[in-house]
Amino acid sequence: MSDDTIGLDFFEDQLMSVLARQVLAMNPGEKLPSEREQAQELGVSRTALRDRLGRLESMGVLERRTGAGTFVRGLRPETVSESILLGLVASKMSLASLRSVRCALERQAAYEAAQKVDHIAVAHMAVALDRMDASDDSDELHEADVAFHRALFAASGSRALIFFADVLHGVLAPHQKLSLADDRERLRVVHRDIAEAVSAHDPAMAMKAIDEHFLWLDQLILRSEAPERTVEVPA
Ligand SMILES: [Zn+2]
């Protein structure tokens, strides 16, 4: 671990810090000791313990099964996505504003990837490009697109960028069903430009290529008629 890795003491609540450390050291599927045992061991009241377990459960880290006990689920990007989605619905954020956050993350990932050049991750980007070249089917192009961007984030080597990209993907993916087959030539060009800039160790060019990608995506969204919407709960 590097020196600036976030420790679990960042929770202001000391009991939360202790519990979070304990829970994150366990594997998904593992069972927590009973509330009585745990409260005794930690020297806290069962009410205080139950309150913190409830908070960890609402974060999706724990799962309480009636009659069976409390189990570790692990912290997964998709559960964070669900929490963010609730926040988005409540604050009526627009999809366009979320896409601009995605663009910012991708630009930073491209910048860091071009500085590093992780050959394995770059090879994965090349595989995704080959998949784009090999198919005219919209679903397959979409999968290749997702694989390409995952590889780009992997190439950045930044765990934080990868984590937030996964969170945002969980939020945006259900709202981004574009027909990529209609514009497959441009799709191939914008992605190839990103990969080439990363391989050429050119961070500025890589960021510019990302901007081109999102300009293209914005045009595609405009053309697909989709009027600007806020995130809504499906009827
Ligand atoms: Zn793309």
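**Helix packing and a strand pair**

The axes of helix H5 (residues 95–116) and helix H7 (residues 138–156) come within 7 Å and cross at roughly 55 degrees, where axes are lines fitted to C-alpha atoms, for helices over the stretch in contact, and angles run from 0 to 180 degrees between N-to-C directions. This makes H5 oblique to H7, since angles under 35 degrees count as roughly parallel, over 145 as roughly antiparallel, 65 to 115 as roughly perpendicular and the rest as oblique. This is a predicted model, in which local features need pLDDT of at least 70, side-chain atom pairs count only at pLDDT 80 or more, and totals for chains, interfaces and linings use all residues. Residues are numbered from 1 along each chain as its sequence is written.

**H5 with H10**
- The axes of H5 and helix H10 (residues 203–223) come within 8 Å and cross at roughly 150 degrees, and the two helices are therefore roughly antiparallel.
- On the H5 side, Cys103 and Tyr111 are among the residues that meet H10, whose contacting residues include Met207 and Phe214.

**Strands E1 and E2**
- Strand E1 (residues 62–65) runs antiparallel to strand E2 (residues 69–72), and 4 bridges join them, pairing being assigned if DSSP finds at least two bridges between two strands.
- Helices (H or I, at least four residues) and strands (E, at least two) are DSSP runs, numbered from the N terminus.
- Arginine 65 has glycine 69 in E2 as its bridge partner.

Definitions and conventions
Contact = placed C-beta atoms within 7 Å.
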